[in-house]
Amino acid sequence: MAKPQIELTEEQILQVQKLSATLTVEQMADYFEISRATFFRMLKRDKNIMRLYSKGKSQMGAMIGSKIVRMALDGNEKMLTLYAKTQMQWKETVVNENIN
């Protein structure tokens, strides 16, 4: 006899968006006390859970990104460098000149 599918409650489904801002998929499975494989299957079969997970990740990314941009525009050199490296594919190169 097949095991019944584990389902999240409506309350847990609503938590997915909030939790995804700070938890990985693996950590979220641990939070809900289900196996990681089960949670991955839920994400695959329930497009709403996947949508909420992605939306929470995106919203946090946008908030953090906005803060980095504000700090960079205010002259924070570390944030300028971080932005340039992550958003502009900027690389620092070291040239070693061998003078004989």
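Confidence in the protein chain is highest in helix 2 (residues 25-31), at 96, and lowest in helix 5, at a mean of 90. These values are pLDDT, the predictor's confidence in each residue, from 0 to 100. The chain as a whole has a mean pLDDT of 91, with 99% of its residues at 70 or more. This is a predicted model, in which local features need pLDDT of at least 70 and side-chain atom pairs count only at pLDDT 80 or more, while totals for chains, interfaces and linings use all residues. Residues are numbered from 1 along each chain as its sequence is written, and side-chain values use heavy atoms, with hydrogens and water left out.

Helices (H or I, at least four residues) are DSSP runs numbered from the N terminus. Two packed helices are described by the angle between their axes and the distance between the axes. Axes are lines fitted to C-alpha atoms, for helices over the stretch in contact, and angles run from 0 to 180 degrees between N-to-C directions.

| Helix pair | Axis distance | Angle |
|---|---|---|
| Helix 1 (residues 10-20) and helix 4 | 7 Å | about 25° |
| Helix 3 (residues 36-45) and helix 4 | within 5 Å | roughly 100° |
| Helix 4 (residues 47-73) and helix 5 (residues 77-87) | within 7 Å | roughly 125° |

Angles under 35 degrees count as roughly parallel, over 145 as roughly antiparallel, 65 to 115 as roughly perpendicular and the rest as oblique. Helix 1 and helix 4 are therefore roughly parallel.

Met42, Leu43, Lys44 and Arg45 in helix 3 touch Lys47, Ile49, Met50 and Tyr53 in helix 4. The contact of helix 3 with helix 4 holds five nonpolar, no polar and three charged residues.

Helix 4 and helix 5 are therefore oblique to each other. On the helix 4 side, Ile68, Val69, Met71 and Ala72 meet Met79, Leu80, Leu82 and Tyr83 of helix 5. The contact of helix 4 with helix 5 comprises eight nonpolar, no polar and no charged residues. Just after helix 5, Gln89 has a positive phi of about 55°.

Methods. Helix = DSSP H or I, 4+ residues; strand = E, 2+ residues; numbered from the N terminus. Contact = heavy atoms within 4.5 Å. Nonpolar A, V, L, I, M, F, W, Y, C, P; charged D, E, K, R; others polar.
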